[in-house]
Protein chains: 2
Amino acid sequence: MTSTLAYAALSQGSTVEPFKIERRELRDDDIAMDVLYCGVCHSDLHQIRNDWHNSVYPVVPGHEIVGRVTAVGAGVTKHQVGDTVAVGCLVDSCRVCEPCEEGLEQFCEKYPTPTYNGQDRHDGSMTFGGYSGQLVTSERFVLRVPEGLDPERAAPLLCAGITTWSPLRHWKVGPGTKVAVIGLGGLGHMGVKLAVGLGAEVTVITTSPGKSDDARTLGAIDVLISKDEDAMKAAGSRFDFILDTIPVPHDIAPYLSLAKRDGSVVIVGVIDMVPTFHSGVLLMGRRALSASMIGGIPETQELLDFCAEHNILPDCETISMAEINHAYERMDRSDVKYRFVIDMSTLGKD
Amino acid sequence: MTSTLAYAALSQGSTVEPFKIERRELRDDDIAMDVLYCGVCHSDLHQIRNDWHNSVYPVVPGHEIVGRVTAVGAGVTKHQVGDTVAVGCLVDSCRVCEPCEEGLEQFCEKYPTPTYNGQDRHDGSMTFGGYSGQLVTSERFVLRVPEGLDPERAAPLLCAGITTWSPLRHWKVGPGTKVAVIGLGGLGHMGVKLAVGLGAEVTVITTSPGKSDDARTLGAIDVLISKDEDAMKAAGSRFDFILDTIPVPHDIAPYLSLAKRDGSVVIVGVIDMVPTFHSGVLLMGRRALSASMIGGIPETQELLDFCAEHNILPDCETISMAEINHAYERMDRSDVKYRFVIDMSTLGKD
């Protein structure tokens with residue numbers, strides 16, 4: 001066991017503070033890494049607040065992790081000491097079910113092990129995330145950060161990136177696809193960049209007219225203000241694919257109506273209850289409503305490679321570890337463009 | 001103009017009675033036919049009762065029509081006098097939009113013309129359906145009834161058949177597909193027969209344990225009683241495709257939960273409001289909820305050819321025209337296995 005400094009929520013509350021944790025001895029397939037950067041996801045805040053009623057304290061958040069390999073287990077073949085690597089939302093799964101075999105570990109039939117606030121499948125210990133000096137993870141769940149991809153800004157690709165990339169790929173977004181991205185936060189801004197990178201024509205749908213310039217800067221060719229009923233009506237049914245990043249319950253019907261025949265509205269993540277809506281909006285164009293969560297390990301690697309090749313990176317604001325609780329406050333009022341990244345070299349230096 | 005006997009609802013009410021209507025002179029692309037058989041669809045009852053608030057009286061229902069060609073317009077090439085032909089729910093569309101070009105006239109951007117209670121695109125007259133001695137229809141919307149397909153039992157293929165065939169084909173149901181059909185009425189029983197014909201493994205989901213034997217007779221390999229919570233839970237998530245033929249609003253979540261990863265629940269027709277449900281049932285398996293209505297002309301022809309080749313026919317009870325109002329009463333209490341067909345040679349003979 002190795003002792004390492006981390007930031008943890010020690011009980012139900014909204015702040016994290018310095019705390020010593022233990023990292024396990026390397027198993028044969030394990031990789032040890034120093035954490036270089038860790039993105040700050042809204043889930044981190046939900047978990048430390050116990051919003052999902054499943055938090056086991058201490059909670060060490062962080063699942064957008066970029067690190068440097070410091071040691072490898074006896075059986076490791078994928079990575080070497082010194083490699084720049086990454087870890088996302090998952091650190092294990094059953095590895096043998098159909099989804100795992102297909103590299104869709106997020107759908108593991110025995111449920112995947114989350115990077116933090118999860119339980120290790122071998123020794124039953126709780127998993128601790130990336131707000132810590134070191135991480136030990138099975139190589140199967142460790143990604144390669146390609147040469148040329150800025151490790152600092154790469155961090156949010158591990159959750160915000162893959163969560164939007166996976167549905168864009170699954171629903172075959174490509175050159176000429178007419179895509180709408182609803183919401184322009186951490187996920188939405190990645191959805192825009194990635195869809196543009198794939199060659200799609202992207203429209204941003206937002207409640208805030210003030211976000212129009214930002215949307216266009218990110219690559220959108222059009223902006224639709226969802227509160228403008230005339231504009232929504234005039235937009236017709238023109239999108240092949242609509243990525244819905246609104247993180248709270250909301251009426252789906254106006255967005256379904258914007259989809260073309262055989263188009264899809266895909267909610268990313270959980271929005272609790274889908275409010276009642278008229279079945280006619282599905283029927284009139286054989287439209288589909290679906291939802292998508294994170295992504296599998298092979299498609300996460302594909303994403304990192306794609307971003308390196310196309311020079312696509314999240315827009316980030318880098319903070320020190322000690323600024324994290326202030327960053328949460330700002331995130332809570334959407335005051336960030338578009339993702340905080342913690343420079344983990346600042347850990348223990350406040 | 002040709003005068004012909006029909007059965008019509010003359011004002012808002014629930015009975016139809018003999019009534020003389022006019023059929024137009026043949027346009028160049030028109031086909032005139034004697035109606036041989038006409039299926040009785042629940043929509044017929046909705047329309048004569050004005051349940052959808054759009055009925056224009058007199059209403060002559062009937063959109064599951066098999067007839068024999070008696071005359072053809074100067075430009076007709078597809079059919080000849082004497083041919084056995086069929087007409088379904090649509091008798092016209094704009095013919096030039098993308099869906100029409102693709103043979104998906106049900107999605108015509110200018111809205112297709114329904115076989116009855118619709119308005120002719122050329123002279124603005126109301127359309128009258130198959131409860132009549134004769135019909136005049138553009139050849140584009142007239143199907144060929146293949147040699148060997150019983151014209152009497154073929155009639156319900158034109159609505160109940162195509163409404164289930166179209167989604168089965170669109171969602172690529174084939175050998176080995178695990179299909180569930182919810183509800184065992186006119187549509188459901190066709191869904192079972194057609195899915196079985198396509199090589200799928202079909203389970204019927206019903207509220208009525210009494211329908212188990214019937215379901216198996218139709219070709220289902222399993223029956224799931226939806227009111228049996230333990231059985232529903234034990235069924236797991238095992239279906240690739242779930243065809244939902246329940247014609248009224250109902251909770252979708254229990255059915256979505258039965259779908260495999262990337263599986264779909266497809267509602268056929270309109271069920272008014274979809275009740276609220278938790279987004280997690282979409283998310284957990286990237287499942288999709290969609291809806292489907294009738295089908296296009298080419299896929300209706302494909303269905304008729306498929307049924308002829310595979311000897312698939314609806315289970316019907318043949319009635320005389322004069323029995324129609326009694327048939328409605330029985331249909332209203334689901335007392336029919338599974339579709340009434342009117343023998344139109346009985347018209348005017350009560």
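Which elements of chain A are included in what covers the buried residues of helix 11 of chain A? In this predicted model, the cover includes strand 1 (2-8), strand 3 (30-40), helix 1 (42-48), strand 18 (316-320) and strand 19 (339-343) of chain A. The residues of helix 11 (residues 324-332) of chain A that are buried include A:I324, A:N325 and A:A327, and A:Y328, A:R330 and A:M331 are buried as well. After helix 11 of chain A comes A:S334, which has a positive phi near 55°.

For chain A, the UniProt record, an unreviewed entry, places the feature "domain: Enoyl reductase (ER)" at residues 9-342. This span is 25% helix and 27% strand, and its end C-alpha atoms are 16 Å apart.

The loop between strand 6 (90-92) and helix 2 (98-101) of chain A holds A:S93. With a relative accessibility of 2%, A:S93 counts as buried, because the cut-off for a buried residue is under 20% relative accessible area. Leaving aside residues up to four places away in sequence, A:S93 is in contact with A:C100, A:E105, A:C108, A:P112, A:T113, A:R121 and A:F141. A:R95 is also found in the loop between strand 6 and helix 2 of chain A. The relative accessible area of A:R95 is 24%, so A:R95 is partly exposed. The phi of A:R95 is positive, near 70°, and A:R95 is a residue other than glycine.

In chain B, helix 1 (residues 42-49) packs against helix 11 (residues 324-332) at an angle of about 110°, and the two axes are 10 Å apart. Helix 1 of chain B is therefore roughly perpendicular to helix 11 of chain B. On the side of helix 1 of chain B the meeting residues are B:H42, B:D44, B:L45, B:I48 and B:R49, and on the side of helix 11 of chain B they are B:Y328, B:M331 and B:D332.

The loop between helix 1 and strand 4 of chain B contains B:H53. B:H53 is exposed, with a relative accessible area of 71%, and has a positive phi near 60° although B:H53 is a residue other than glycine. B:P58 also has its place in the loop between helix 1 and strand 4 (65-72) of chain B. The peptide bond that joins B:Y57 and B:P58 is cis, with omega about 0°. Another cis peptide bond joins B:K337 and B:Y338, with omega about -10°. B:Y338 is placed in the loop between helix 11 and strand 19 (339-343) of chain B. Most residues other than glycine have a negative phi, and most peptide bonds are trans.

Helix 4 of chain B contributes B:G161, B:I162, B:W165, B:S166 and B:R169 to the contact, and helix 10 of chain B contributes B:E299, B:T300, B:E302, B:L303 and B:F306.

Over all chains, a search of the whole structure finds 4 aromatic pairs. One of them is formed by B:W165 and B:F306, a tilted pair with 4.6 Å centre to centre and 40° between the planes. B:W165 is in helix 4 (residues 160-170) of chain B and B:F306 is in helix 10 (residues 297-310) of chain B, so the pair ties together parts 141 residues apart in sequence. B:W165 and B:F306 are both buried. In the pair of B:W171 and B:F241, the ring centres are 5.9 Å apart and the planes are at 35°, so this pair is also tilted. B:W171 lies in the loop between helix 4 and strand 10 (178-182) of chain B and B:F241 in strand 13 (residues 239-244) of chain B, and the pair links these distant parts of the chain, 70 residues apart. B:W171 is partly exposed at a relative accessible area of 23%, whereas B:F241 counts as buried at 2% relative accessibility.

The largest nonpolar core has 160 residues, of which A:F277, A:L289, B:F277 and B:L289 touch the most other members. Not counting residues up to four places away in sequence, B:L289 touches A:F277, A:L282, A:R287, A:A288 and A:L289 in chain A. In chain B, B:L289 touches B:I252, B:L256, B:V265, B:I267, B:V274, B:F277 and B:L282. In soluble globular proteins, nonpolar side chains tend to be buried together.

Note on methods: Residues numbered from 1 in each chain as written. Chains lettered and ligands numbered in written order. Predicted model: local features only at pLDDT ≥ 70, side-chain atom pairs only at ≥ 80, totals over all residues. Heavy atoms only, no water. Phe/Tyr/Trp six-rings, centres within 6.5 Å; stacked < 30°, edge-to-face > 60°. Helix = DSSP H or I, 4+ residues; strand = E, 2+ residues; numbered from the N terminus. Buried < 20%, exposed > 50% of the residue type's maximum accessible area, 1.4 Å probe, protein only. Core = buried A, V, L, I, M, F, W, Y, C linked by side-chain atoms within 4.5 Å. Contact = heavy atoms within 4.5 Å. UniProt positions renumbered as here; feature names shortened; annotations may be inferred. Axes fitted to C-alpha atoms, helices over the stretch in contact; angles between N-to-C directions. Parallel < 35°, antiparallel > 145°, perpendicular 65-115°, else oblique.
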